Amino acid sequence: MLRITSINLNGIRSAFRKGLQPWMQTHSADVLCLQEIKISDADLTDDLRHPPGYTGHFCHAIKKGYSGVGMYLRNTAERVQAGLNCEEFDAEGRIIRADWKNLSVISAYLPSGSSGDERQQAKYRFLDVFGPWLDELMREHKKTGREFVICGDWNIAHKEIDLKNWKSNQKNSGFLPEERAWLTEVFDKRGFVDVFRRLDERPEQYTWWSNRGQAWAKNVGWRIDYQIATPGLAARARSASIYKDERFSDHAPLTIDYDTAL
């Protein structure tokens with residue numbers, strides 16, 4: 001069984017202070033995909049870089065204390081590469097990919113547009129680049145049989161079931177019609193699978209809660225963290241869980257167990 005976990009840390013140092021590392025030891029994921037690490041390479045301590053039992057790989061934003069993605073791997077990857085060959089967004093540390101024999105796991109942090117129109121336009125530019133990049137993955141999958149899973153914070157709630165207050169958020173970044181339509185194309189036209197929803201169709205399964213008001217206490221959340229996979233790997237998914245017993249961040253870890261091996 002292959003256990004893959006994805007979590008937006010909202011700062012790797014903050015998440016470790018809140019107990020992430022002891023949880024990692026008992027949780028025993030084979031791959032942990034990290035987003036929003038908010039740290040530069042020079043500031044990574046040995047404990048953060050390689051926690052016990054794991055090897056860390058990171059893609060940092062140039063801007064200090066901003067964005068960035070990473071992975072903790074139990075098994076050595078054949079290759080790890082960062083970026084999607086786009087200067088604007090590679091400078092923000094948005095993508096890292098690890099390859100094994102027949103499987104690639106990607107940690108992705110898609111831009112948020114919630115801070116204003118400038119960042120919303122940047123988000124649309126990212127989607128314009130990311131869509132064709134996903135097409136390349138699917139072409140590779142069909143040509144070679146390599147399976148892919150893209151884990152991370154996609155900053156889009158797909159359907160009404162995926163956020164508590166969908167009616168009042170229809171004009172807000174993360175639930176705009178254009179964003180939702182783009183994500184629908186990822187599934188319906190590009191052929192990827194929303195693995196969590198394949199296993200769990202229940203409402204109120206959220207992965208992020210605003211720090212405002214009583215959002216966490218009242219479970220007023222959004223499901224914006226995904227594991228999106230090629231169909232063969234998605235078919236091998238056996239269980240999915242969102243961990244909420246402890247809080248390491250404003251996001252919860254999303255874990256899926258796959259009946260496969262690296």
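**Figure 1. Pairing of Ala240 with Ile256 in strand E14.** In the predicted model shown here, Ala240 has Ile256 in E14 as its bridge partner. E13 and E14 run antiparallel and share five bridges. Helices (H or I, at least four residues) and strands (E, at least two) are DSSP runs, numbered from the N terminus. This is a predicted model, in which local features need pLDDT of at least 70, side-chain atom pairs count only at pLDDT 80 or more, and totals for chains, interfaces and linings use all residues. Residues are numbered from 1 along each chain as its sequence is written, and side-chain values use heavy atoms, with hydrogens and water left out.

**Figure 2. The open sheet that contains E13 and E14.** Six strands make up this mixed sheet, in the order E3-E4-E2-E1-E14-E13. Its edges are E3 and strand E13 (237–242), each of which pairs on one side only. From one strand to the next the twist averages 15 degrees. Two strands are taken to pair if DSSP finds at least two bridges between them. Axes are lines fitted to C-alpha atoms, for helices over the stretch in contact, and angles run from 0 to 180 degrees between N-to-C directions.

**Figure 3. Helix H2 on the sheet.** H2 lies across E1, E2, E4 and E14, and runs at about 160 degrees to E1. In helix H2 (residues 20–27), the buried residues are Leu20, Trp23, Met24 and His27. These residues are on the same side of H2, because the arc they cover around the axis is only 105 degrees. The arc is that of the directions from the helix axis to the C-beta atoms. Buried means under 20% relative accessible area, exposed over 50%, and partly exposed in between (1.4 Å probe, protein chains only). The cover over the buried residues of H2 includes strand E1 (2–8), helix H1 (12–17), strand E2 (31–35), strand E4 (69–73) and strand E14 (254–258). Contact means heavy atoms within 4.5 Å. Ser28 follows H2 and has a positive phi, near 60 degrees.

Figure 4. Most residues other than glycine have a negative phi. With 25% relative accessibility, Asn10 counts as partly exposed. Ser67 counts as buried, at 3% relative accessibility.

**Figure 5. Strand E7 in a second open sheet.** The strand order in this six-stranded sheet is E5-E6-E7-E8-E12-E9, and the pairing is mixed. Strand E5 (79–82) and strand E9 (193–194) are the edge strands, each pairing on one side only. E7 is largely enclosed by the rest of the structure, because seven of its seven residues are buried. Leu103, Val105, Ser107 and Tyr109 point one way from E7, while Ser104, Ile106 and Ala108 point the other way.

**Figure 6. The two neighbours of E7.** E6 and E7 are antiparallel and are joined by five bridges; a hairpin of three residues connects E6 to E7. Ile96 has Ser107 in E7 as its bridge partner. Strand E7 (residues 103–109) pairs with strand E8 (residues 147–153) in the parallel sense, over seven bridges. Val105 has Val149 in E8 as its bridge partner, and Tyr109 stands opposite Asp153 in E8.

**Figure 7. Helices H5 and H6.** Helix H5 (residues 117–144) and helix H6 (residues 177–188) pack at an angle of about 10 degrees, and their axes are 11 Å apart. The two helices are therefore roughly parallel; angles under 35 degrees count as roughly parallel, over 145 as roughly antiparallel, 65 to 115 as roughly perpendicular and the rest as oblique. From H5, Gln120, Lys123, Tyr124, Leu127, Phe130, Gly131 and Leu134 meet Glu178, Glu179, Trp182 and Val186 in H6. By class, this contact has six nonpolar, two polar and three charged residues. Ala, Val, Leu, Ile, Met, Phe, Trp, Tyr, Cys and Pro count as nonpolar, Asp, Glu, Lys and Arg as charged, and the others, Gly among them, as polar. H5 lies across strand E6 (95–99), E7 and E8, at about 150 degrees to E8. H6 lies across E9 and strand E12 (225–229), at about 30 degrees to E12.
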